[in-house]
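This report examines a set of aromatic residues and their surroundings. Please consult the sequence and structure shown below.

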Amino acid sequence: MAYYLNKEEMDDVTEIDVSALTYSNGYITSVKGVEYFTNLTKLNCGYNQITSLDVSKNTKLTILDCYANELTELNVSKNTELTNLDCYAN
């Protein structure tokens, strides 16, 4: 069963936590679609198997935890409000 959020519901989301350490539902390989959550201030996608992460449209991010993935490149130049960036073990 698929669930869909409308624009207003996406605008209400300020935190997303899909860390494999938190949920233990297996590893994810993508957070495609995260760019639609433009009011996101915290994203934790650590300890997964993500190879690509684009947060350029998430300009309100203050906390980004993307540790222990398979990232080869991470560009946060548009994320000027970041105060905490945790991207070790990639």
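## Tyrosine 47 and its setting

In this predicted model, tyrosine 47 has a relative accessible area of 36%. The residue is therefore classed as partly exposed, since that class lies between the limits of 20% for buried and 50% for exposed. Tyrosine 47 is placed in the loop that runs between β2 (42-44) and β3 (63-65).

Together with Leu21 and Tyr27, Tyr47 makes a nonpolar surface patch of about 320 Å².

Two aromatic pairs are found when the whole structure is searched. One of them joins tyrosine 27 and tyrosine 47: the ring centres are 5.7 Å apart and the planes stand at 55°, so the pair is tilted. Distant parts of the chain are linked by this pair, as tyrosine 27 belongs to the loop between α2 (20-23) and β2, whereas tyrosine 47 belongs to the loop between β2 and β3, 20 residues apart.

Tyrosine 27 has a relative accessibility of 46% and thus also counts as partly exposed.

## The stacked pair

Tyrosine 67 and tyrosine 88 also form a pair, with ring centres 5.6 Å apart. Their planes meet at 10°, so this pair is stacked, the cut-off for stacking being under 30 degrees. Tyrosine 67 sits in the loop between β3 and β4 (84-86), and tyrosine 88 in the segment after β4; the pair therefore ties together parts separated by 21 residues in sequence.

The relative accessible area of tyrosine 67 is 11%, so this residue is buried.

Methods. Residues are numbered from 1 along each chain as its sequence is written. This is a predicted model: local features need pLDDT of at least 70, side-chain atom pairs count only at pLDDT 80 or more; totals for chains, interfaces and linings use all residues. Side-chain values use heavy atoms; hydrogens and water are left out. Patches are made of residues with over 30% relative accessible area and no salt bridge: like charges are joined within 9 Å, nonpolar side chains (Val, Leu, Ile, Met, Phe, Trp, Tyr) within 5 Å. Accessible areas come from the Shrake-Rupley method with a 1.4 Å probe; for residues, only the protein chains shown count as cover. A salt bridge is a side-chain nitrogen of Lys or Arg within 4 Å of a carboxyl oxygen of Asp or Glu. Helices (H or I, at least four residues) and strands (E, at least two) are DSSP runs, numbered from the N terminus. Buried means under 20% relative accessible area, exposed over 50%, partly exposed in between (1.4 Å probe, protein chains only). Rings of Phe, Tyr and Trp (its six-membered ring) pair if their centres lie within 6.5 Å; planes under 30 degrees apart count as stacked, over 60 as edge-to-face and the rest as tilted.
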